[in-house]
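Here are my notes on this one, jotted down as numbered points. Have the model open while you go through them.

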Amino acid sequence: MTQDELKALVGQAALKYVVPGEIVGVGTGSTVNKFIDALATMKDQIKGAVSSSEASTVRLKALGIPVFDSNEVESLSVYIDGADEIDHQGHMVKGGGAALTREKIVAAQSKQFVCIADESKLVDALGAFPLPVEVIPMATARVMRQFAAMGASAVVRLKDGQPLVTDNGQHIVDVMGLKITDPVAFESQVSQWPGVVTVGVFAHQKAQVCLLGTSEGVKTLSF
Ligand code: 5RP
């Protein structure tokens, strides 16, 4: 099966976690796009969605799924999202699609995080995928120096030759050369650096379930 087919498989499998009559939290990315397409088949059974990015909002609305502001909703039963890496405890690296801040907000207001991913995303230790960190532009150089002091290297993510601007008007640095042995401590530490909006380690908002697309079908990992 191709990676695209594996993504479609887990996107479809995630439907069983959607609670009829409720609002569902929706992440961002190519795997989530498959989920959104599948969700459209049961749109009459749900109230709508809270979305984690402008891109997902556009797709949801185009398929006729109402999108609620996160401030209108106190809590969500479930949040469905992809990951760039997930370890065997459900900790993740996210933000490859630059939506990490809103993803963390919607994850935090959800009782259950269901990660949907193809098997290439499962790792023993986080850090091989460049770690996305959303930063306020005036802090970029300082944050990059702090990562350099940890022995890592960071680059500003570009789009069309210019720093990419997130949905929140900020920039992203991608950090290479990290081995994140204690994701909870790492997330807490980097989150406190001045100018860091969001670090792409999701350890406090980890997944409770991962639907992993494999050549043998969908494997369900529970954490
Ligand atoms: C976006 C994310 C995505 O969940 C992550 O990048 C995985 O994306 P894809 O499903 O396209 O592989 O964190 O900010």
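**Notes on the model**

1. Let's start with Ile116. Leaving out residues up to four places away in sequence, Ile116 touches Val10, Gly11, Ala14, Thr31, Val32, Phe35, Ile80, Asp81, Gly82, Ala83 and Leu211. Contact here means heavy atoms within 4.5 Å.

2. Some housekeeping before going on. This is a predicted model, with local features needing pLDDT of at least 70 and side-chain atom pairs counting only at pLDDT 80 or more, while totals for chains, interfaces and linings use all residues. Residues are numbered from 1 along each chain as its sequence is written, and side-chain values use heavy atoms, with hydrogens and water left out. Helices (H or I, at least four residues) and strands (E, at least two) are DSSP runs, numbered from the N terminus.

3. Now the core. The largest nonpolar core has 24 residues, and Ile116 is among those that touch the most other members, along with Val24, Val26, Phe35, Leu39, Ile80 and Leu211. At least two residues each come from β1 (23-26), α2, β4 (76-81), β7 (110-118) and β15 (209-214). Helix α2 is the top contributor to this core, giving five residues. For the term itself: a nonpolar core is a set of buried Ala, Val, Leu, Ile, Met, Phe, Trp, Tyr and Cys residues joined through side-chain atoms within 4.5 Å. Buried means under 20% relative accessible area, exposed means over 50%, and partly exposed is in between (1.4 Å probe, protein chains only).

4. There is also a second, separate core of 22 residues, which includes Val143, Ala154, Leu178 and Phe186. As background, nonpolar side chains tend to be buried together in soluble globular proteins.

5. How do α1 and α2 cross? The axes of α1 (residues 3-13) and α2 come within 8 Å and cross at roughly 50°, which makes α1 oblique to α2. The axes are lines fitted to C-alpha atoms, for helices over the stretch in contact, with angles from 0 to 180 degrees between N-to-C directions. Angles under 35 degrees count as roughly parallel, over 145 as roughly antiparallel, 65 to 115 as roughly perpendicular and the rest as oblique.

6. The contact has four nonpolar, four polar and three charged residues. In this scheme Ala, Val, Leu, Ile, Met, Phe, Trp, Tyr, Cys and Pro count as nonpolar, Asp, Glu, Lys and Arg as charged, and the others, Gly among them, as polar.

7. Then α2 against α3. The axes of α2 (residues 30-39) and α3 (residues 54-62) come within 10 Å, crossing at roughly 20°, so the two are roughly parallel to each other. This crossing is right-handed. On the α2 side, Val32, Asn33, Ile36, Asp37 and Leu39 meet Ser56, Arg59 and Leu60 of α3. By class that contact has four nonpolar, two polar and two charged residues.

8. Two backbone spots to check. Most residues other than glycine have a negative phi. Ala98, which is not a glycine, has a positive phi of about 70°; Ala98 sits in the loop between β6 (92-93) and α4 (100-108) and is buried at 13% relative accessible area. Asp160 has a positive phi too, about 50°. Its place is the loop between β10 (158-159) and β11 (162-163), and at 74% relative accessibility Asp160 counts as exposed.

9. Last, a pair in contact. Thr198 is in strand β13 (residues 196-199) and is buried at 8% relative accessible area. Neighbours within four places aside, Thr198 contacts Leu100, Thr101, Lys104, Pro132, Val133 and Glu134. Thr101, for its part, lies in helix α4 and is buried at 10%. With residues up to four places away not counted, Thr101 touches Glu134, Asn168, Val197 and Thr198.

Note on methods. Left-handed = near helix turned anticlockwise from the far one by under 90°.
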